[in-house]
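Please keep the model open beside the text as you read.

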Amino acid sequence: MKEFQSLLVGKQADRFDQWRLCVEQSGLKELQSFSTSLMKDEAAVRAAMSYDWNNGQVEGKVNRLKMIKRMMFGRAGFALLKARVLHESG
């Protein structure tokens with residue numbers, strides 16, 4: 001797992017295929033399952049290893065909005081939710 005982490009952090013997409021071959025030969029079923037699940041969206045995995053940008057900031061904002069929405073469920077309408085979200089982001 002540390003090898004895969006170093007591929008991501010080091011932006012070493014060219015070594016991804018070599019890592020997968022090592023995993024296939026390792027005999028570790030959990031690691032092989034992880035590798036197989038990565039291949040379901042191989043393009044995204046390779047992009048994460050190649051580019052410096054990501055959508056982490058957007059996901060954080062969406063998560064925050066969902067948390068506020070859950071806290072207010074059944075207590076207030078959309079107008080108060082809108083006011084609270086706009087007030088907190090400024």
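Helices here are DSSP runs (H or I, at least four residues), numbered from the N terminus. On the H2 side, the contact (heavy atoms within 4.5 Å) is made by Phe16, Trp19, Arg20, Val23, Glu24 and Ser26. H3 contributes Leu31, Gln32, Phe34, Ser35 and Leu38.

A word on the model: it is predicted, with local features needing pLDDT of at least 70 and side-chain atom pairs counting only at pLDDT 80 or more, while totals for chains, interfaces and linings use all residues. Residues are numbered from 1 along each chain as its sequence is written, and side-chain values use heavy atoms, with hydrogens and water left out.

Let us look at each helix in turn. Phe16, Trp19 and Val23 are the buried residues of H2, buried meaning under 20% relative accessible area, exposed over 50% and partly exposed in between (1.4 Å probe, protein chains only). These residues cover an arc of only 60° around the axis, which puts them on the same side of H2; the arc is that of the directions from the helix axis to the C-beta atoms. They pack against H1, H3 and H4. Leu21 and Gln25 are exposed on the face of H2 turned away from that buried side.

In H3 (residues 29–38), the buried residues are Leu31, Ser35 and Leu38. Seen down the axis, they fall within an arc of 60°, so they line one face of H3. Their packing partners are helix H1 (2–9), helix H2 (16–26) and helix H4 (42–50). Lys29 and Glu30 are exposed on the face of H3 turned away from the buried side.

Between the two helices, H2 is followed by Gly27, whose phi is positive, near 80°. Leu28 lies in the loop between H2 and H3 and is partly exposed, with a relative accessible area of 47%.

Leaving aside neighbours within four places in sequence, Ser35 is in contact with Trp19, Arg20, Val23 and Glu24.

Now for the rings. Rings of Phe, Tyr and Trp (its six-membered ring) pair if their centres lie within 6.5 Å; planes under 30 degrees apart count as stacked, over 60 as edge-to-face and the rest as tilted.

| Pair | Centre to centre | Angle between planes | Class |
|---|---|---|---|
| Phe4 and Trp19 | 5.0 Å | 40° | tilted |
| Phe16 and Trp19 | 6.0 Å | 15° | stacked |

Phe4 in helix H1 and Trp19 in helix H2 are 15 residues apart, and their pair links distant parts of the chain. Phe16 and Trp19, by contrast, are three residues apart in helix H2, separated by about one helical turn. Phe16 has a relative accessible area of 0%, and Trp19 counts as buried at 8%. Phe4 is buried too. Phe4, Phe16, Trp19 and Phe34 form one aromatic cluster.
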